[in-house]
2 protein chains.
Amino acid sequence: MTINGSLLIAGSQKRGTAGEFSGVEAISGKSLPISFGGASPDDVEAAAAQAWEAFASYRETDLETRARFLETIAEEIEAIGDELVVRAMAETGLARGRLEGERARTTGQLRLFAKEVRAGRFQELRFDAGDPSRKPVPKPDLRLRNIPVGPVAVFGASNFPLAFSAAGGDTASSLAAGCPVVVKAHSAHPGTSELVGRAVQRAVASAGLHPGTFSLLFDTGFEVGQSLVADPRIRAVGFTGSRRGGTALMDIASRRKQPIPVYAEMSSINPVILFPGALKSRAADIAASFVSSLVLGAGQFCTNPGLILAVGNEDLDAFIAKAAELLPGVGPQAMLTPSIAKAYSEGVARLQRHPEVRAVAAGKSGSEFEGTAALFETSADAFLAHHELQDEVFGAAGLVVRCSDLAQLEQVLDSLEGQLTIALHIAGEDEPEARRLVPKLEMLAGRLLVNGFGTGVEVSPAMVHGGPYPATADGRSTSVGTLAIYRFLRPVSYQDFTSALLPDALR
Amino acid sequence: MTINGSLLIAGSQKRGTAGEFSGVEAISGKSLPISFGGASPDDVEAAAAQAWEAFASYRETDLETRARFLETIAEEIEAIGDELVVRAMAETGLARGRLEGERARTTGQLRLFAKEVRAGRFQELRFDAGDPSRKPVPKPDLRLRNIPVGPVAVFGASNFPLAFSAAGGDTASSLAAGCPVVVKAHSAHPGTSELVGRAVQRAVASAGLHPGTFSLLFDTGFEVGQSLVADPRIRAVGFTGSRRGGTALMDIASRRKQPIPVYAEMSSINPVILFPGALKSRAADIAASFVSSLVLGAGQFCTNPGLILAVGNEDLDAFIAKAAELLPGVGPQAMLTPSIAKAYSEGVARLQRHPEVRAVAAGKSGSEFEGTAALFETSADAFLAHHELQDEVFGAAGLVVRCSDLAQLEQVLDSLEGQLTIALHIAGEDEPEARRLVPKLEMLAGRLLVNGFGTGVEVSPAMVHGGPYPATADGRSTSVGTLAIYRFLRPVSYQDFTSALLPDALR
């Protein structure tokens, strides 16, 4: 395989001329070999025009062709071999095991969507037969199906170089829906993106699809992404990243002549509620699982457990004591990029300086490119008074909020913004109280889980990786699991169509 | 029954104190007896607070209770008897037959949603069993369901005093989804709204529901509606009305701390494509059906056929000649309100003055409160050059666009904004050309129909009354038919829940 820093536009490769940048070795901050050229306005124009042109034929592909195409992408990614993992390790600082797992997740996701496409339920075919003899007016023949919305702009995420990037969940669900994709690669892993992008290009070619079905662009700033979202031929956006980035794209999309949906997954601190019975019976065990979840992947998960809510008593003290015992044994971990490492250490410093926050414990510290796990504690009164304590610190930092009782814990819940996940740790005796809270929690998050942590996000028909704003831009959707395909579809009704005119699926 | 001009807030009635206004007899412009008091900020606050409080219990109602409630609303509306039709006739100027039909549509709609609720498919229950022995990590138990989004603000529409007003499609689908409703009544038919609102209030009471499940507010300006959309307890908006009104609400909703979806059905000119074969074989018949559709209900339908596209030849001349022969026989019709009548006559005057537009024919003229049907003609060149010719003229005005050939007709299609409906009139010989155009038309409209006009909107599981912006704010949805319920739902995933904690439906 070759990485040469090219833009991949509709089946061809082209050196971008709008500035250049290099991949950066996460652990050292040093530039990796090969520089990447940024896309010019003409390149964006070409990718969008080709995607629009491809849409005409790609949307009409039969389900088997489309499913096979998704499977071929998976095979082509596997065929890259170890080069992909090695490059991703260098660019992201993530460990081999994690990246091999993420590769399997990515190909599994593509294959799951292939299955979903073959099953065809997403088409939502509906038939309501006419009745010419109905009074007072004849009943028309009505049929309905979902059609793809059009080309989708997908923004690669820094923290999942495979599963939420060039051929990640947004790309897989867009392609499954029948939408061509233009990827804005994340500058945190350009080489990984190019390798995967080339795999998709090969799959497009071997499926005999219009080459505009897939393009991948690099950007040295924000212009490429902004231009894509503003382009009239782009009809939806998939984004995973910061709240500032996501809301900026939402603004652009809403100011278009024809506004389009932005599915932005942005910000979540994923509250964990430790109920009294659970703490009483197994504070130390929960603390151990919590620390594992907190530091997994240097805490760089959207579902990282950043907020622990509990009633303050000796059982919570035991939980904190156990976490404080374990954290110092956690080594420093390379973060995805130098700027993420910097933002994390600034976030931790803000908590350290905060007059109402106490530092509980920290992991071992390392270089400026590594993150040091950190746990803090505050009171519910302080948390309620200081809204900035709700800000996500992206990385392995957690904040325990000590509540006076369950009523105050509920007040804290009432103060929270929308979340991706909320975890409940309970024992049998906690069930009545937990059950009472569930309706409130449903309004706050897309996924609720019991006696676990949200960091594992199963790719499943029953998964919701989404949640009320600002967890995502649109709480009616998910970006993981088969339901994600519905983001890129809209219904059309056909009235009294002749058989010759009907789409095949509705005949 | 009593109309006394009261606000209906959560089971009680209350005289509004923020200004007052009267219903207006559409045909005469004269005030009808009984004045209505506008809602104050405190009234809006009370309605929203009560709706939020009611949401806690209403969302948990079992399907049978909810279905029965919807049916009871239908029964209570029927029980009002002729007073409802008489009042609606006075306020809207619509004919008895039309309003009796609309009442049947409204109650039928409520009963259809009752059926949809009982069927329960909208809950989207999904089960993905766990596997504790899976390697490398155990597979969690995942279950999913849709939950209601929260209280919905519904804006009554001027042109459907029953079917899209206090207990119309938006209210029915919100209540079916499990969302309490606060209606902002349209000032064009306040008495009709109060009568229906009281019917809903009675149904709430007899179902034993929290009274906050339904409120109805009057407004002398725009403040009540704007405050409702901005209120943090309101979680979605249903609106049918003008583009200016709809986009104003979209702006408010997007600037909230937590943005919410606005389902606004706004503006459509509903292109009708007359293919050459169809015109050759039955120009006069099509013209007759067209005129009937154009003038139905004084043209005050969102699906009114406002734009006719055809290749200019002697067959189109025959179509125009027949329409010109029929239109002068069309009498003047009272419009819904004096201001709608004024806006219509101004819109017609703009077309009459337009240098590139020729007046083809007009109906009989009447008073200032009545609309005169009017048909105009222009060239495709002029239509493409003058974007203002795409503006909707709400009422019985149509514009024929004479194209040089099918290629130019396609250019005109490419210039159009999103639409609710597009009608194709074809003969057998037109099918290949029509079939070629269908994919383009699917991207332009929510409903395509063959050899008919869009003015009848069947309440059906296969109906889409929606379409790309600006036809609606959100082209992924419909405001008519059972799919409308999905506007007010969002998915939640439950991971490793204990049986005691699971919602009943997921056990």
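Colleague: What is the order of the strands in the open sheet of 10 strands?

Modeller: Strands of a sheet pair through backbone hydrogen bonds, either parallel or antiparallel. In this predicted model, the order of the open sheet is 5(A)-6(A)-21(A)-20(B)-19(B)-12(B)-13(B)-18(B)-17(B)-15(B), and the pairing is mixed. Ignoring direction, neighbouring strands are turned by 20° against each other on average.

Colleague: Which strands are the edge strands?

Modeller: Look for strands that pair on one side only: here they are strand 5 (126-128) of chain A and strand 15 (358-362) of chain B. Strand 15 of chain B runs antiparallel to strand 17 (residues 374-379) of chain B, and four bridges join the two. Within that pair, A362(B) stands opposite A374(B).

Colleague: Which strands does helix 14 of chain B lie across?

Modeller: Helix 14 (residues 431-442) of chain B lies across strands from both chains: strand 6 (142-148) and strand 21 (489-495) of chain A, plus strand 12 (271-274), strand 19 (419-425) and strand 20 (445-450) of chain B. Its angle to strand 20 of chain B is about 155°.

Colleague: Now the helix pairs, please. At what angle do helix 2 and helix 6 of chain B cross?

Modeller: Two packed helices are described by the angle between their axes and the distance between the axes. The axes of helix 2 (residues 63-80) and helix 6 (residues 190-206) of chain B cross at roughly 135° and come within 8 Å. Helix 2 of chain B is therefore oblique to helix 6 of chain B. Their crossing is right-handed. Helix 2 of chain B contributes F69(B), T72(B), I73(B), E76(B), I77(B) and I80(B) to the contact, while the residues from helix 6 of chain B include L195(B), V196(B) and A199(B). By type, the contact residues are 10 nonpolar, two polar and two charged.

Colleague: And how is helix 3 of chain B oriented relative to helix 6 of chain B, at what angle?

Modeller: Helix 3 (residues 82-92) of chain B packs on helix 6 of chain B at about 155°, with the axes 8 Å apart. That angle is why helix 3 of chain B counts as roughly antiparallel to helix 6 of chain B. This crossing is left-handed. E83(B), L84(B), R87(B), A88(B) and E91(B) of helix 3 of chain B meet P190(B), G191(B), T192(B), L195(B) and V196(B) of helix 6 of chain B. The contact residues here are five nonpolar, two polar and three charged.

Terms used:
Residues numbered from 1 in each chain as written. Chains lettered and ligands numbered in written order. Predicted model: local features only at pLDDT ≥ 70, side-chain atom pairs only at ≥ 80, totals over all residues. Heavy atoms only, no water. Axes fitted to C-alpha atoms, helices over the stretch in contact; angles between N-to-C directions. Parallel < 35°, antiparallel > 145°, perpendicular 65-115°, else oblique. Left-handed = near helix turned anticlockwise from the far one by under 90°. Contact = heavy atoms within 4.5 Å. Nonpolar A, V, L, I, M, F, W, Y, C, P; charged D, E, K, R; others polar. Pairing = 2+ DSSP bridges.
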